[in-house]
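This report goes through one protein model for a reader who has not seen it before. It starts with single residues and then moves out to the whole chain.

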Amino acid sequence: MDVLKIFSSSFKDGEIMSSKYTCEGENISPTISWGEVPEGVKSLALICDDPDASGGDFVHWVMYNIPVELNSLPEGVPIEDIEAVQGLTDYGRRGYGCPCPPRGLVHHYHFKLYGLDKMLEVENNITKYELLKKMEGHIVAKGEIVGLFKR
């Protein structure tokens, strides 16, 4: 599997995210950027989740059919992004769902970018697990960046 280089101008990998992107701030998505997309990638998908949540993996963002012509997602991506499809978070709504962990605990927010060998069939309100199932056998590249947050 090829590697997708993923980074953010909003936070550095493995470092604390600004409260701007959390429930203590503006609750807007951070900028997510990536390097050159490997040959054979036809679309991109993004999942952000928090494996430190008390109930297990908590999903904060699901997006797919991101065009390969893009090299980033800007800060504050709207829910009705016309260039990609956004699925459901564990907050039960579409779009970016901000980090909001219990006070005193550091949580890790994994932003995973997948390079797929095809565009996926569009479905409304798809979950992370439904997206992962649709991506099976089609992931040709992957990258990840982790932001931390503590209230």
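N125 sits in the loop that runs between strand 9 and helix 1. In this predicted model, N125 has a positive phi of about 55° although it is not a glycine. Most residues other than glycine have a negative phi. N125 is partly exposed, since its relative accessible area is 39%.

A positive phi also occurs at N65, again a residue other than glycine, where the angle is near 60°. N65 belongs to strand 6. With a relative accessibility of 7%, N65 counts as buried, because the cut-off for that class is under 20%.

**Helix 1**

Helix 1 covers residues 128–135, and its buried residues are K128, L131 and M135. Seen down the helix axis, these buried residues fall within an arc of 65°, so they line one face of the helix. What covers them? The cover includes strand 5 (43–50), strand 6 (58–66), strand 9 (106–116) and strand 10 (139–150).

K128 is part of this helix. Its relative accessibility of 7% puts K128 under the 20% limit, so the residue counts as buried. Leaving aside residues up to four places away in sequence, K128 touches I47, D49, D57, V59, V62, L88 and K112.

S8 is in the loop between strand 2 (6–7) and strand 3 (15–16). Is S8 buried or exposed? At 11% relative accessibility, S8 counts as buried. Its contacts, again without residues up to four places away in sequence, are P30, T31, I32 and I145. S8 and L70 are 62 residues apart along the chain, and their C-alpha atoms are separated by 14 Å.

| Residue | Relative accessibility | Class |
|---|---|---|
| K128 | 7% | buried |
| S8 | 11% | buried |
| N65 | 7% | buried |
| N125 | 39% | partly exposed |

**The chain as a whole**

The protein chain has one helix and 10 strands. In sequence order the elements follow the pattern β-β-β-β-β-β-β-β-β-α-β, with helix 1 at residues 128–135.

How does the chain's radius of gyration relate to that of a compact globule? A compact globule of 151 residues would have a radius of gyration near 15 Å, and the chain has 14 Å, which agrees. Along its principal axes, the C-alpha trace spans about 45 × 30 × 25 Å.

Of the 151 residues, 47% count as buried. Among contacts in the chain with a separation of 6 or more, 71% are made by residues 24 or more positions apart.

The accessible surface of the protein chain comes to about 7,400 Å². Carbon and sulfur atoms account for 49% of that surface.

Notes:
Residues numbered from 1 in each chain as written. Predicted model: local features only at pLDDT ≥ 70, side-chain atom pairs only at ≥ 80, totals over all residues. Heavy atoms only, no water. Helix = DSSP H or I, 4+ residues; strand = E, 2+ residues; numbered from the N terminus. Rg over C-alpha atoms; globule rule 2.2 N^0.38 Å. Buried < 20%, exposed > 50% of the residue type's maximum accessible area, 1.4 Å probe, protein only. Contact = heavy atoms within 4.5 Å. Areas by Shrake-Rupley, 256 points an atom, 1.4 Å probe, with all protein chains shown as cover. Arc of directions from axis to C-beta.
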